[in-house]
Amino acid sequence: MKLLKQFIQQETVLTAAAVLAVVSAFFVPPDAQYLGYIDLRTLAILFSLMTVMAGLRRQGFFDGLGRALLSRTHSTFQLTLVLVGLCFFGSMFITNDVSLLTFVPFTFVVLSRLGADVRRALLIPVVCMQTIAANLGSMLTPIGNPQNLYLYGKSGMSIGGFVLLMLPYTLVSLLLLLAWAALVCRKTSAALSVDELVSSASQGDQKIILLYLVLFAVCLLSVIRVLPYDIAFAAVLVCALFADPHTLRAVDYSLLLTFVAFFIFIGNLGRIPAFSGWLQEFLTGREVLVAVLASQVTSNVPAALLLSGFTAETQALIIGTNLGGLGTLIASMASLISYRQIARELPQGKKQYFGLFTLSNLIFLAILLGVWFLLR
């Protein structure tokens with residue numbers, strides 16, 4: 001019973017998705033149509049990208065990139081820009097989850113080398129900025145986060161069309177982050193010594209890193225539909241099994257199972273005429289706002305999976321679920337990564353972080369919804 005409770009606490013979204021799938025099966029008994037619910041393309045590409053990112057992370061590739069950029073910093077403002085920029089631009093290619101898993105712990109290490117006053121003034125604002133940066137930077141590309149990958153595949157858009165759709169929101173987000181960084185560092189401006197920030201670190205296996213970079217290119221080709229997704233999946237799986245099998249343990253299989261459970265739940269809901277008709281009617285003309293609101297209580301990945309089954313306005317869902325990652329702490333599950341890190345490393349700062357996180361998220365969300373209102 002204790003193990004079950006721990007599992008539910010750690011995998012709340014997966015548990016909820018599984019319960020919904022099981023309950024829906026009582027209304028729509030399992031049959032051959034269940035197989036048609038599963039989007040194999042999304043699952044295969046998601047697994048491939050997660051494997052590649054886990055492999056590069058294990059080899060210290062992203063830490064090395066961060067240290068290389070930090071070697072050029074000479075002030076707290078430049079330091080903040082680098083740490084936040086790593087999450088903002090990195091999430092476009094390595095997903096918001098991986099960005100925060102990699103660069104938030106890295107930030108704790110870097111800031112621990114500064115004076116106590118500077119560290120105290122920067123730590124919570126910088127981690128908060130990094131969290132927002134990762135969620136907002138990830139919205140520019142189809143591979144930035146799981147819901148983008150899914151909705152991009154469902155929409156049939158070109159990659160250029162996807163980028164252009166989200167570019168205005170990304171540019172506004174970048175300007176807001178720059179202004180916030182300048183405001184924070186205005187009170188903590190100080191010269192920094194490069195030696196304080198950059199320390200030697202063991203380098204990973206260069207051959208393994210090169211292999212994963214090649215596999216990443218293969219994944220991108222499958223995302224833009226140049227290469228069949230099953231070939232990319234097979235290439236990643238075989239290479240990881242033979243060259244770096246331990247990486248396969250680091251893949252987030254709970255996310256894959258969550259997708260499967262939601263596919264079943266959504267597929268069954270679509271076969272209940274009364275419910276599907278009501279939800280389609282409710283969504284019509286309100287896709288962005290409903291996606292934002294749904295994300296606040298379910299997080300944006302489940303919101304994307306659920307709502308996509310009842311509207312053809314996929315572009316509106318892309319905007320809504322990406323903006324919906326702002327707001328509550330669970331609006332984007334990636335945000336919990338930073339919160340857990342703060343709770344572990346600076347437990348006395350949890351309340352301060354939560355307050356700043358909530359306020360800044362609401363401000364960013366209000367501004368970006370204003371941008372959407374002007375552009376629609």
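1. A quick definition to start: a helix here is a DSSP run (H or I) of at least four residues, and helices are numbered from the N terminus. Keep in mind that you're looking at a predicted model.

2. Let's begin with helix α3, which covers residues 34-37. Tyr34 and Tyr37 sit three residues apart in it, so about one helical turn separates them. Their rings make a tilted aromatic pair, with 5.0 Å from centre to centre and 35° between the planes. Are these two tyrosines buried or exposed? Tyr34 is buried, at 13% relative accessible area, and Tyr37 is buried with a value of 13% as well.

3. Now hop over to helix α15, residues 273-283. Trp278 and Phe282 are four residues apart there, so again about one helical turn lies between them. This pair counts as stacked because the planes meet at 10°, and the cut-off for stacking is under 30 degrees. The ring centres are 5.6 Å apart. Trp278 is partly exposed at 49% relative accessibility, and Phe282 is partly exposed too, at 37%.

4. Stay with Phe282 for a moment: which residue lies over its face? That's Arg286, at 5.4 Å from the ring centre. You'll find another such arrangement at Tyr152, where Arg225 lies over the face of the ring, 4.6 Å from its centre.

5. Finally, some wider context. Searching the whole structure turns up 13 aromatic pairs. There is also an aromatic cluster made of Phe47, Phe233 and Tyr253, so have a look at those three together.

How values were computed
Residues numbered from 1 in each chain as written. Predicted model: local features only at pLDDT ≥ 70, side-chain atom pairs only at ≥ 80, totals over all residues. Heavy atoms only, no water. Phe/Tyr/Trp six-rings, centres within 6.5 Å; stacked < 30°, edge-to-face > 60°. Helix = DSSP H or I, 4+ residues; strand = E, 2+ residues; numbered from the N terminus. Buried < 20%, exposed > 50% of the residue type's maximum accessible area, 1.4 Å probe, protein only. Lys NZ or Arg CZ within 6 Å of the ring centre and 35° of its normal.
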